[in-house]
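Here is a walk through one model, from its sheets to the ligand. Have the chain open while you read.

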Amino acid sequence: MTVDAARPTTSGPSELREPPPAGGGIPLLGHGWRLARDPLAFFEQLRDHGDVVRLRLGPKTVYAVTTPELTGAVALSPDYIIAGPLWESLESLLGKEGVATANGPLHRRQRRTIQPAFRLDAVPGYGPIMEEEAQALVERWRGAGTLDVTTESFRAAVRIAARCLMRGSYMDDRADRICADLATLFSGMYQRMVVPLGPLYRVPLPANREFNRALADLHLLVDEIVADRRASGQKPDDLLTALLEATDDNGEPIGEQEIHDQVIAIVTPGSETVGSTLMSLLQVLTQHPELADRVRDEVKAVVGDRPVAFDDVRKLTYTANVVVETMRLYPAVWILTRRAVADTVLGGYRIPAGADIVYSPYAIQRDPRSFARHEEFDPDRWLPGGSQEVPKYAMSPFSVGNRKCPSDHFSMAELTLITAAVASAFTFEEAPGSDSRPRIGITLRPRRLRLTPRPR
Ligand code: HEM
């Protein structure tokens, strides 16, 4: 099969099969209860039922795709777009005109606007800020006692995204405010997704008031940032300038709402994914001290005793492989969904227009058919020639196709730099009260990681 496996239907419906049902559904709830109880295990066992399987979630039929090739087919086909319940819940909170939720020509134009800020040759420009933030983290953690790793990781992710992409010294205070707001919003958004109680979230209970306050403050902050940049008259070469100068297909400046939603649509996924991956990385360094020692040895050999610099990153191959292997086993984006806009064929099965498709990078990246010793954490599998050949689309933590994360180079650089800086400065011990079991929300990350850094 090739990505042609996803094609508009040309044969009559009777010639095509329905995908087989996934086992284990129960009356009324279908597969929802198993999905809610243990989503990671649920997605992993789906591959035993077929390449495409039918799930019943309450009254709704959803199609799950379980092979790398077919996930590639879905991601690359124009017949599957960003839509469906997950996206609608995000849109209602974060706006409708941002790049992460737009489709069609609007999405293409928005990608053209933001792409230059993320290009491989643009990333070194962010080097000094990434270095400064990695070093600041090391300083903060010296003698800090026990760390609340959730707060620390998200703080670093927000600060780097905000300071690099919306340059300006005024960003420093605001990055902390964005950070506090997003922490409240991410946990509230997850709750609203898994327990969709609709109007109950409008009742003025303390938790709802806090959520609404954080949402209002995030929107206010974005307005302040845009207003300040305009008032400054400055046009640094950054993403915010690109958004402020963007024009639509008629050459007209884009609207204020679109600028606003774009800033939110870029900073929000950027912080949540990097923060979650950083948490998983710190968990890996704690649970595999021998790997942490190898990172330290590599940093010592490449960098010596000075702080790690951005230019060192390309030489830190083992450290980068630890980052990649962390993303294989603990992909921050563990679930992806799409909606079919036409009747299509997927892997020889009929998929009707309007159907919701779901797949899990977590399950795909742990498939024993794609990876030898699939559950073993082995950074060396990513050495050139050191690994078996990985099937196409079996390792796509940034996705592929037109919705591929624009920030893959940016994210790899910051995560490798931070991993090198903290692993060479500290060993980590899990502290009382820490809970490293997976927390499955909008992203996947350790539930509540509390670590004590010990200077090396
Ligand atoms: C999209 C993963 C970091 C901005 C995506 C998608 C994935 C992803 C899988 C595709 C979603 C889909 O197909 O539905 C990651 C991971 C990251 C990361 C694993 C870090 C470890 C970032 C950062 C930023 C960012 C740092 C920005 C500062 C975006 C945007 C999109 C996106 C704007 C939407 C693209 C579109 O729809 O055209 N990301 N991301 N991401 N990501 Fe990332």
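How many bridges join S2 to S3? Six, and the two strands run antiparallel.

## Ground rules

This is a predicted model, so to speak of a local feature we ask for pLDDT of at least 70, and side-chain atom pairs count only at pLDDT 80 or more, while totals for chains, interfaces and linings use all residues. Residues are numbered from 1 along each chain as its sequence is written, and side-chain values use heavy atoms, with hydrogens and water left out.

Helices (H or I, at least four residues) and strands (E, at least two) are DSSP runs, numbered from the N terminus. Strands count as paired if DSSP finds at least two bridges between them.

## The five-stranded sheet

Back to S2 and S3: they belong to an open sheet of five strands, ordered S2-S3-S9-S6-S4, with mixed pairing. Its edges are strand S2 (52-57) and strand S4 (80-81), each pairing on one side only.

Moving along, S3 pairs with S9 in the parallel sense over three bridges; here Tyr63 faces Ile357 in S9. Tyr80 stands opposite Ala340 in S6.

Helix H3 (residues 68-76) lies across S2, strand S3 (60-65), S4, S6 and strand S9 (356-359). Contact here means heavy atoms within 4.5 Å. H3 runs at about 135° to S9, where axes are lines fitted to C-alpha atoms (for helices, over the stretch in contact) and angles run from 0 to 180 degrees between N-to-C directions.

## The three-stranded sheet

There's also an open sheet of three strands, S5-S13-S10, with antiparallel pairing. Strand S5 (147-148) and strand S10 (426-430) are the edges, each pairing on one side only. Two bridges connect S5 with strand S13 (residues 450-455), again antiparallel, and Asp148 stands opposite Arg450 in S13. H11 packs on this sheet, touching S10 and S13, and its direction makes about 90° with that of S10.

## A helix pair

Helix H12 (residues 289-303) and helix H13 (residues 317-329) pack at about 145°, with axes 8 Å apart. From H12 come Leu291, Arg294, Val295, Glu298 and Val299; they meet Thr317, Tyr318, Thr319 and Val322 in H13. By class, that contact has five nonpolar, two polar and two charged residues. For the classes, Ala, Val, Leu, Ile, Met, Phe, Trp, Tyr, Cys and Pro count as nonpolar, Asp, Glu, Lys and Arg as charged, and the others, Gly among them, as polar.

## The iron and its ligand

Which protein atom reaches the iron? The single protein donor to the ligand's iron atom is Cys405 (SG), 2.3 Å away. Donors are N, O and S atoms within 2.8 Å of the metal (3.2 Å for Na, K and Ca), and water is not among the atoms, so sites may look incomplete. Cys405 sits in the loop between helix H14 (361-364) and helix H15 (408-425).

Around the ligand there are 27 residues, and His107, Arg111, Arg338, Arg403 and Cys405 come nearest; a residue is near if one of its heavy atoms lies within 4 Å. A polar side-chain atom of His107 lies 2.6 Å from a ligand oxygen, a side-chain N or O of Arg338 is 2.6 Å from one, and for Arg403 the distance is 3.0 Å. Helix H5 (104-118), helix H11 (256-287), strand S6 (336-340) and H15 each give two or more residues to the shell. H11 gives the largest share, six residues. The shell has 16 nonpolar, eight polar and three charged residues.

Note on methods: A polar contact is a pair of N or O atoms within 3.5 Å; within protein, one must be able to donate a hydrogen and the other to accept it, and residues adjacent in sequence count only if both atoms are side-chain atoms.
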